[in-house]
Amino acid sequence: MFTGLVEAVGTIVAVSRRGDVTVFRVGAPFAGELKRGESVAVSGVCTTVTERDGASFAVELTGETMNASRFSFVTTGERVNLERALPADGRLDGHFVAGHVDGTALVMSLRRGRHAADLWLNLPQDLARYVVRKGSLCVDGVSLTVAAVEGNACSVAVIPETLARTTLGTLAAGKKVNVETDLIARYVEKLMGLEAPRDASKTPPELTAERLARMGW
């Protein structure tokens, strides 16, 4: 479990293949403190440390993770947001982030003001349904609050501290970012039988007072 509060920015120093997995070696300021088997969120993706030295650590990603995230486009030299797992006695200052990336969103714009910026994203329709104004959204491992929602697009306000201490300050239109939507929303949807249909020609069941009564509400 993570919080979406970035601890450091690292660099991808090597990318290789090992059988059916992709191996990333990540340069990080806290690499020497890591242990094999420890979890680290790399731009929002929960990974397991397989090797480490004083300057970097290695993680292995399956095809599923590569397809669900933007990591299939990552090359050496790219900067990534890093966060170690939340300790049991730690403070939950961001929001519940599992590190299970739902997919990617397209950056529409990063509109800079005098100090802060508005980041506009276009999400796939199956993910946009979980995004609400004033709700939480994890973008490349950063916990952010949704400021506005317009169809499949949403904006998040990025404060100067976040712009300076994460990779979000370097985003530009056309780039892709990893996104993880609210985990709680998915459980509520499942329990209430409101899951999006697999058949795109069908519409999800309407939520009516009668239907809520049948479910015990």
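A search of the whole structure finds 11 salt bridges, each defined as a side-chain nitrogen of Lys or Arg within 4 Å of a carboxyl oxygen of Asp or Glu. The structure is a predicted model, in which local features need pLDDT of at least 70, side-chain atom pairs count only at pLDDT 80 or more, and totals for chains, interfaces and linings use all residues. Residues are numbered from 1 along each chain as its sequence is written, and side-chain values use heavy atoms, with hydrogens and water left out.

The chain has 5 helices and 12 strands. Helices (H or I, at least four residues) and strands (E, at least two) are DSSP runs, numbered from the N terminus. Buried residues (under 20% relative accessible area; exposed is over 50%, partly exposed in between; 1.4 Å probe, protein chains only) make up 43% of the 217 residues. Contacts are heavy atoms within 4.5 Å. Of those with a separation of 6 or more, 65% come from residues 24 or more positions apart.

Strand β2 (residues 21–27) is mostly covered, with 6 of its 7 residues buried. β2 pairs with strand β1 (residues 8–18) in the antiparallel sense over 7 bridges; pairing requires that DSSP find at least two bridges between two strands. Within this pair, S16 is bridged to V23. The two strands form a hairpin with 2 residues between them, and G19 in the turn has a positive phi of about 65°. β2 also runs antiparallel to strand β5 (residues 56–61), to which 6 bridges join it. Here F24 has V59 as its bridge partner.

R18 meets E60, with the closest N and O atoms 2.7 Å apart. R18 lies in β1 and E60 in β5, so the pair ties together parts 42 residues apart in sequence. R18 is partly exposed at 39% relative accessibility, and E60 is partly exposed at 34%.

R84 takes part in two of the contacts described here. Its salt bridge with E33 has the closest N and O atoms 2.8 Å apart. This pair links strand β6 to the loop between β2 and β3 (39–42), 51 residues apart. E33 counts as exposed, at 53% relative accessibility.
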